[in-house]
Amino acid sequence: MKARSFITLLLVAFILISCEAPKESSDMIVHNAVIYTVDGDFSVVEAFAIKDGLILETGTSKHILEKYEAQEVMDAKGLFIYPGFIDAHTHFYRYGLGLKVADLTGAKSEAEMIERVQQHRTNTPDQAWILGRGWDQNLWEGQHFPSKSTLDSLYPDIPVLLTRIDGHAALANSKALAMGGITPKETILGGKVITQNGKMTGVLIDNAIDLVSANIPDVSESDAREALLAAQKNCFEVGLTTVADAGLDKETILLIEQMQKEEELMMRVYAMINPSPENKEYFFEKGPYQNESLTVRSFKVYGDGALGSRGASLLRPYHDAPEESGFLLDQPEHFLALAEELNEKGFQMNTHCIGDSANRTLLNIYGKVLLGENDKRWRIEHAQVIHPMDIEKFAKFNIIPSVQPTHATSDMGWAADRLGEDRVKHAYTYQLLEQQNDMLALGSDFPVEDINPLYGYHAAVARTDGNNKPEGGFQPENKLSRQSALKGMTIWAAYANFEEPLKGSIEKGKLADFVVMERDLMTAPETILRELKIQATYIGGQKVY
């Protein structure tokens, strides 16, 4: 009897084993990790499976390994995994092009700026124009704008255009000014020609720059492709898997789309269209569209200039220049007509607004067109200085603030000079903005700031610079929590792009875009956040870095 019972048990066990369901097929399994899914519960799991570039399922390592099989199984050995980082506001294409011009970032004086220009010319003697980007007079003793005099003596017959770090001011030599037909008494809507004793200094503000830059030779397709690939490479190294590129023309968007189809450009792009007549005609007829790699459903509008070059439009004059208040880059009637047009055609309106006057003007225009609660996800890019009376308009009209935390830590040394001690308290108010709609999108505005999203994460949660100054943080009442900062560069940025069904979290059915890190963003000391490195970047389950 005992022998028969034992044999029966063996037979039952054999039958059960034989009937066990076969494992489901997948392309890749990741297990033994600390995975911040950034789902609705901000849950943390150990493993996930991927098939055809999508997340099949998340869960414990035991569950995923028992349910799925794959040719590629990655034991993460306790490393930390996050959704692929999304930069909600960049100039991705322009950054790529800028890798071939004189890098003036961080120059400590006008003399150092000129030295870098000379070295660049020595390295690239055959270029028709001398171009550079990145100077910032706020880093120089006296903080005075530069002058064209030295450039005129060095390069009398070669046009030179050196753009300020924010892109809203530039220094041109006399050759370039002549090509643009600019005179000392030039009156330009939304722009300014800086003069001294009736003579041009060479500094141009906002729309005045266009008169010169319009003469720069067009970029060839081969150079454009090279620029996009160079930008992609650098972005992958810092964990970026999606970038919102603010202000592209039709030709560049179509080139990006073509390179994505060719699988040469892997970076996912949310393209904001430059609202030129040609671009509007083409995209209004085509309408908004989206696939896994590209979203085209918004226009990038410039409301005003920048605080550093005193082009930001303020309700009251600049504290350090009482005769100036900045300016809008067009008439309010123009912005209203454009808003009505974009609303009718089903596109988002994403407007650059720095000063409190620009923010008020555009928030009121948005409100007039959007008419209360909506899901149109119109955005204010930068939302930098906002009068307290206007904050509630973000919530009232469901307007998304798209902000760049490193702007606060880059500007904090001189922002109070521009605004005064009282008004600066209403600048860079990220926590207050988050509270309006329980979200905000985070970006960098690179190449204005560094491309590394961890710099923005650090600035958001610590409100300190790369040297971890000041102690306690700049206006610390507007620090973001680590959870909010991570959401801002993943799921909230995706939402601002109408991309949250596709990306922004590690969940079933979403694109398998993720980054692997050795240290935990949620617990690492604030002082080392900028030093953390990306171990690997994946797009659609494919390792790209």
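Reader: What is a polar contact?
Author: A polar contact is a pair of N or O atoms within 3.5 Å. Within protein, one must be able to donate a hydrogen and the other to accept it, and residues adjacent in sequence count only if both atoms are side-chain atoms. This is a predicted model, where local features need pLDDT of at least 70, side-chain atom pairs count only at pLDDT 80 or more, and totals for chains, interfaces and linings use all residues. Residues are numbered from 1 along each chain as its sequence is written, and side-chain values use heavy atoms, leaving out hydrogens and water.

Reader: OK, which side chain has a polar contact with R310?
Author: That of D320, at 3.1 Å.

Reader: Is R310 buried or exposed?
Author: Buried, with a relative accessible area of 19%. Buried means under 20%, exposed over 50%, partly exposed in between (1.4 Å probe, protein chains only).

Reader: New topic. How many salt bridges are there in the whole structure?
Author: A search finds 24. A salt bridge puts a side-chain nitrogen of Lys or Arg within 4 Å of a carboxyl oxygen of Asp or Glu.

Reader: Which residue forms one with D166?
Author: R164, with the closest N and O atoms 2.5 Å apart. Both D166 and R164 are buried.

Reader: What about R225? Which residue does its side chain meet in a salt bridge?
Author: E262, at 3.1 Å from N to O. R225 is buried at 17% relative accessibility. E262 is partly exposed at 38%.

Reader: Which residues are linked in a network with them?
Author: E221 and E264 join R225 and E262 in a network of salt bridges.
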